[in-house]
Amino acid sequence: MPGSPADQEREATDLLRRAEQSSPDTNPVRRDGLRHAIGLSHSPHASLKHLAARNIAKFFKAFPDLEEDAINAIYDLCEDQDSSIRIEGYQAVVQMSKEQPKWVKRNVDVLVQLLQSDEPEEVAVVKTALIEHLELDSRVTLNVLCDQIVPPDEPMEDEDRVIRDRLRALVVAFLAGEAKKPLLDRLHSQDGAKQEHALINVLFKAISKFGKSDATRITKDILVSLPSFNGRSTRRGNDLLRLLLEQASASLKDDLAPGRTSVKLERTHDYLELSNFLCCEKSVSDPIQLLRFYCTSSLMGKLTLQRLSTGSRLFFLVQLADALAACDRRESLEPDELDSMRKQVVDALSVLLPFFVQIDPSDVRAWRSCEILLRACQQRKEQDNWSVPGPLQPVLVDISRLAAEQQNPDLEQVEELSRSLIHHGLLHPLPAKPPPQREASAPADPSVSKRKAEDELRAPQDRHRTLSIRGQHARQQQSKGQPRQHSEGRGTPPSVTAETNLQQSLKRLRTDEEKPSLLMRMGPPLQRQPTGRGRHRSKSGSPPAQQRPDPSKPAGAPSPTLGISIKGAARANSLLERIQGDGS
């Protein structure tokens with residue numbers, strides 16, 4: 001009949017001491033000691049369970065037939081209700097792996113499951129146990145950890161999937177935190193290259209398979225710290241950038257799905273930010289890849305930018321500017337490709353910068369991005385004699401004004417660049433068409449007006465002055481806002497020029513405030529000649545003989561030369577007589 005817990009503990013301690021002192025390892029006394037320790041793991045008394053946890057690992061190696069019972073007894077202790085017993089069980093797992101390396105894989109898998117514990121003290125012990133396994137056998141330990149990050153593709157219940165996802169996040173956090181230093185120490189060793197290669201491939205697969213949920217921590221806290229990512233534009237760094245941009249491209253299609261407005265780039269944001277981190281902060285990836293992605297994506301289009309939220313527009317402008325600046329800092333890049341993409345960016349600023357003005361940011365980083373884009377304009381101006389397009393000039397004026405309103409000394413460069421580009425645009429405008437002819441307003445001095453009219457009426461003999469209803473119709477259409485039918489940059493047809501000049505002269509010769517007569521509105525006062533050329537005034541200014549009124553006819557008779565019968569049009573004070581009187 002068993003005695004008290006104290007008596008049982010005393011007897012067990014004495015038995016286990018004798019077994020430990022006996023030799024060889026296969027001695028029956030040691031075998032009895034192992035059996036007794038396994039039995040103690042099921043005792044209801046905590047003191048006896050502690051004895052089991054401390055002694056099972058000392059004897060099990062020499063007795064393969066008892067190994068399974070021994071390891072299960074340790075696992076039972078790891079699940080005990082008493083926290084102190086569980087902790088001793090975790091430590092016993094490490095001792096068993098040290099005694100028998102073939103148990104490393106199984107023991108690591110158990111310890112990984114124990115990361116889900118809600119007790120911070122126990123989790124710390126479990127992580128320590130995993131680190132010891134990592135130092136004991138890094139290859140096997142990493143393989144188990146990687147299997148937890150990217151489990152085999154197999155059907156599972158929703159509940160199991162939730163557990164898998166949570167466990168994956170715990171393993172990633174462990175590698176990025178407590179295990180990072182010992183892991184790097186092992187990977188820098190002589191045989192660490194293969195293990196690092198396997199780890200990188202698994203982490204790449206996790207980014208591709210599970211999306212942005214773990215991408216940030218895997219990239220920032222694990223991958224860029226690995227030996228393969230040391231240096232500028234490393235091969236694995238470029239591989240990682242390509243992977244992130246592939247994910248960004250797919251996510252952008254989802255973010256910009258038809259019907260969505262005020263898009264916040266929820267899916268794409270993290271991938272672009274990580275790409276910026278690789279190229280601009282860590283310089284482990286080639287920034288030309290990132291700039292090429294921006295130049296070929298729909299984000300550069302006005303319609304897409306209009307659909308983005310204010311924050312997403314500003315985010316894109318900052319990312320684009322950072323990528324361009326990173327390319328400018330790299331001397332090893334192909335200059336032709338970089339120049340081509342810089343021109344693309346500058347050409348797009350007529351679309352991009354108006355959104356910057358609308359946002360009117362107060363963030364210094366955003367203004368520094370604006371400065372980078374303006375410097376790209378300045379560089380293109382100096383290298384290619386580029387001129388600021390007309391639509392961009394008022395935008396630069398607004399940027400200069402907004403920068404001044406910030407009252408920040410750091411933004412003085414933005415002001416100066418904006419003003420410099422505006423000044424350049426005004427001094428070197430794009431080739432313009434000849435200015436359109438404008439109808440001169442009546443001068444203040446009537447004598448000057450009349451003299452100018454006479455000069456204009458002295459047209460060369462080879463120029464047409466034929467007047468017709470079509471000329472009046474053209475003027476009416478022009479007064480309604482319709483464009484002229486002839487090009488401003490080309491030679492104006494002589495007949496149109498003569499008609500226009502003559503009508504302008506007639507307008508300027510009017511000295512009274514009367515409205516135009518009906519005859520004036522219906523058509524010109526001169527008759528088209530059969531030859532197609534209008535007769536010109538003599539130097540004295542008198543009208544042609546055909547157009548003088550016949551004194552023998554009554555005052556109300558219609559004019560045979562005009563072919564128009566308007567009652568009262570030939571009154572003594574009619575427009576025709578006033579014109580003829582001025583010329584006589």
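Leu353 is in contact with Leu373, Leu374, Leu392, Val395, Leu396 and Ile399, leaving aside neighbours within four places in sequence. The model is predicted, and Leu353 belongs to its largest nonpolar core, a set of 146 residues. Leu353 is among the residues with the most contacts inside this core, together with Leu223, Leu291 and Ile399. Helix H18 (residues 335-359) supplies the largest share of the core, 12 residues. In soluble globular proteins, nonpolar side chains tend to be buried together.

**Overall make-up**

The protein chain has 584 residues, of which 44% are buried. Its secondary structure consists of 26 helices and zero strands. Taking the contacts between residues at least 6 apart in sequence, 73% join residues at least 24 apart. The accessible surface of the chain is about 31700 Å², and carbon and sulfur atoms account for 50% of that surface.

Helix H7 covers residues 120-136.

Thr141 is a residue of helix H8. Is Thr141 buried or exposed? Its relative accessible area is 1%, so Thr141 counts as buried, the cut-off being under 20%. Beyond four places in sequence, Thr141 touches Leu130, His133 and Leu134, and also Val104 and Val108.

**Ala248 in helix H13**

Ala248 sits in helix H13 (residues 235-255). Ala248 is buried because its relative accessibility is 0%. Not counting residues up to four places away in sequence, its contacts are Thr268, Tyr271, Leu272 and Phe293. The C-alpha atom of Ala248 is 9.7 Å from that of Lys212, a residue 36 places away along the chain.

**Cysteines**

The count of disulfides in the model is zero. A disulfide is a covalent bond between the sulfur atoms of two cysteines.

| Cysteine | Nearest cysteine sulfur | Distance |
|---|---|---|
| Cys295 | Cys327 | 8.8 Å |
| Cys327 | Cys279 | 7.8 Å |

Since the cut-off for a disulfide is within 2.5 Å, Cys295 is in no disulfide, and Cys327 is in no disulfide. Cys295 is buried, with a relative accessible area of 11%. Cys327 is buried as well, with a relative accessible area of 0%.

**Confidence**

The mean pLDDT of the protein chain is 78, and 71% of its residues reach 70 or more. Confidence is highest in helix H14 (residues 269-281), at a mean of 96. It is lowest in helix H24 (residues 494-509), where the mean is 42. Residues 426-450 have pLDDT below 50, and the model gives this stretch 20 contacts beyond near neighbours in sequence. Over residues 452-514 the pLDDT also stays under 50, and here the model has 82 contacts beyond four places in sequence.

Conventions
Residues numbered from 1 in each chain as written. Predicted model: local features only at pLDDT ≥ 70, side-chain atom pairs only at ≥ 80, totals over all residues. Heavy atoms only, no water. Helix = DSSP H or I, 4+ residues; strand = E, 2+ residues; numbered from the N terminus. Buried < 20%, exposed > 50% of the residue type's maximum accessible area, 1.4 Å probe, protein only. Contact = heavy atoms within 4.5 Å. Areas by Shrake-Rupley, 256 points an atom, 1.4 Å probe, with all protein chains shown as cover. Expected span 1.5 Å × (residues − 1). Core = buried A, V, L, I, M, F, W, Y, C linked by side-chain atoms within 4.5 Å. pLDDT = per-residue confidence, 0-100.
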